[in-house]
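Hi there,

Here is the structure I promised to pass on to you. Have a look at it first, and then read my notes below.

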Amino acid sequence: MTELFGTVAGWGVTPTVSGVPKKLKVDVGLKGVQECFSNLERAAQFCAVGKRSDREICSADAGGDGENLGKFCVNPVGEPGKCVPTFECEVLLPVLGQAKVSIRDRIFWDRSFCGTYKRRSLVCCAGPPPDEHLNLPLPPYCGVQHQSRLYGGQLTQLEDFPWTALIEYAKPDGSYGYHCGGTLINQDHIVTAAHCVSSLPDGWKVHRVRLGEWDLSTKLDCEHEVCNEPVVDMKIAKIIVHDGFDAGNESLSNDIALIRFEAEVNFTETVRPICLPLAASIRAENMTELFGTVAGWGVTPTVSGVPKKLNVDVGLKGVQECFPNLERAAQFCAVGKRSDREICSADAGGGLARAFYGFHYLIGITGMGQEKCATAVSGLQTINDALPTSPQCGIQLSDRIVGGQSTELEEFPWMALIQYRKPQGFYGFHCGGALINARYILTAAHCVHSLPRGWELYQIRLGEWDLSSANDCLNGVCTAQPIDMEAERVTVHDGYSALDVSHAHDIALIRLTHDVPTSRTVRPICLPVAKSDRSRSFVGMPSFAAGWGRTETNAASERKLKVQLSVRDLDNCSQVYRGIGVILRATQLCAGGERGKDSCTGDSGGPLMARFGGAWYVIGVVSFGLNKCGTAGFPGVYTNVSMYMDWIESNVL
């Protein structure tokens, strides 16, 4: 085998490195073992030699034959376990017995792989096998939604939160209405609040349960010319209320109930169960000071809600922080703020969910709360914080290893393009920006202030990838059309002057006329809101600029590009620019400076981005550089976003 070539493939996983999402491959040269390790003499071994750039990672997975047998591991849902032969893992054996393995099962199986032994696969086996009588699904059979669009807006997409249920009531006057929600937990049960099925108004009866709903105003739910399967209305066989529930007790403790259907429901993309915290590790989680998500139509026994399903993130608190007279350990509260003109998204009896290890778990049931949802008080109420924090932001659904300039369809979904109306009826995109919440774009002041004669800001485009096509498609996969939004207000930093050659305070905010619906290609990036993030040093950290290369005088590409840059020491950068008469401020930062690599790839006013803590953050706004972009020794200059967080927070209303 020596002096030949072989191929290794994998995700780059080792006991200390988590690797990358997509399988990679690399060709390597084969050598005698002594050429690599002179102290080894094993004839049964040889070594593989390859070359890779510093910015790339290994493609091969650790775990030679038998190396991981019996060792500690963690399965795809975070449960500790042992690496064992496949046939010894009772939890995964049911998957083997299926005539046709689903893609989701296959993904879970692949992620459970932890090595080989005698040329047979080892899997990370954790926890006892499911109780057949209990019939409660475990990941990956639960807690999975086809689209992951929880971030930044209120309106959900067609297939979001497929476990949400609506409870329909028959009323004395012969009418019907939805006045409570619930959560699907397996093929024939939903969990809801006891007060939704017990002590009902006179003459009311629980009629049936609806699953797979999105828009109550239409018979068939469609969005962007894509339609769901029809909703499913389930007849009720039995209602089980917790023995400890007492409607007369104002604390509404033990406010939980189960509804069993007469028949099992078939799972689809819009009907599937949420996970329950069966694992001890999930039950032991301290839920307070975390965030959860509620989804629904805002229906209660006294409110009919809205037609389309909404979602919102809420902060979790200990129950005594909201209601000092309550001491029940089995309750906690969720706190949010909304303006007076908006409504609750949570349904009475609906579920409070949180993601653990990539799967959604039911952690609470909507109980009591203040009647006026707009007040900043306790209860499962909605929240639309001025600036989202991770994991409400900075999540993209396509994360590739950076090696080229092209982006994927769904990379950097917060990128915005600013379009201008010019004299003689012409229009053009000449600046960029970043979506930072459902209503605001962060950009450079020079993009919206002191524009060329006759220019005016026209609209903002989101969700774009290829400017030359109406629909963006790559490898047979297409995304929804981009969204064009109008600007309601522009706020420029008071300290900015177009005459200042240093471009100090080159930062601005654009408020859109209405909230942006999030999607796979439209979602906000995070800002360094936390004090620890604001004080973080980015020097030496890999950062990225992305965009179409749009400036006031140049257009680089029809397709979105990206480039990796390194953040430079500001003192050294200041010395470079001082030589050409430009004095930089402490509120600026520098990145790049390598020949041919600069924010030429990005847009003027676009974001300089870094990834930490599992999410993407905007750390700079593209401000200026040499006219000849990518000149060696001259980094690009960016407005340091961390230095302007107080200004941003005070102007995002």
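Which residue in β34 is the bridge partner of phenylalanine 612? The partner is alanine 615. Before going further, please note that this is a predicted model, where local features need pLDDT of at least 70, side-chain atom pairs count only at pLDDT 80 or more, and totals for chains, interfaces and linings use all residues. Residues are numbered from 1 along each chain as its sequence is written, and side-chain values use heavy atoms, with hydrogens and water left out.

The barrel

Strands β33 (residues 607-612) and β34 (residues 615-624) are joined by six bridges in the antiparallel sense. (Strands are DSSP runs of E with at least two residues, helices are runs of H or I with at least four, both numbered from the N terminus; two strands pair if DSSP finds at least two bridges between them.) Both strands belong to a closed, antiparallel barrel of six strands, in the order β30-β31-β32-β35-β34-β33. Helix α7 (residues 570-578) packs on this sheet and touches β31, β32, β34 and β35, where contact means heavy atoms within 4.5 Å.

The disulfides

There are five disulfides in the structure, each a pair of cysteine sulfur atoms within 2.5 Å. One of them joins cysteine 573 to cysteine 590, with 2.0 Å from S to S. Cysteine 573 sits in helix α7 and cysteine 590 in strand β32, so this link ties together parts that are 17 residues apart in sequence. Both cysteines are buried, meaning under 20% relative accessible area with a 1.4 Å probe and protein chains only (exposed is over 50%, partly exposed in between).

Another disulfide links cysteine 83 and cysteine 114, whose sulfur atoms are 1.9 Å apart. The torsion about its S-S bond is about 105 degrees, so it is right-handed. In contrast, the link of cysteine 180 and cysteine 196 is left-handed, with -75 degrees about the S-S bond.

A side chain at the end of β9

Asparagine 186 lies in strand β9 (residues 176-186) and counts as buried because its relative accessibility is 5%. Its side chain reaches the backbone nitrogen of histidine 189 at 2.8 Å, and one of its polar side-chain atoms lies 3.1 Å from the backbone nitrogen of aspartate 188.

The whole chain

Altogether, the chain has eight helices and 35 strands. Of its 653 residues, 49% are buried.

Enjoy exploring!

Notes:
Axes fitted to C-alpha atoms, helices over the stretch in contact; angles between N-to-C directions. Polar contact = N/O pair within 3.5 Å; in protein donor to acceptor, adjacent residues only side chain to side chain.
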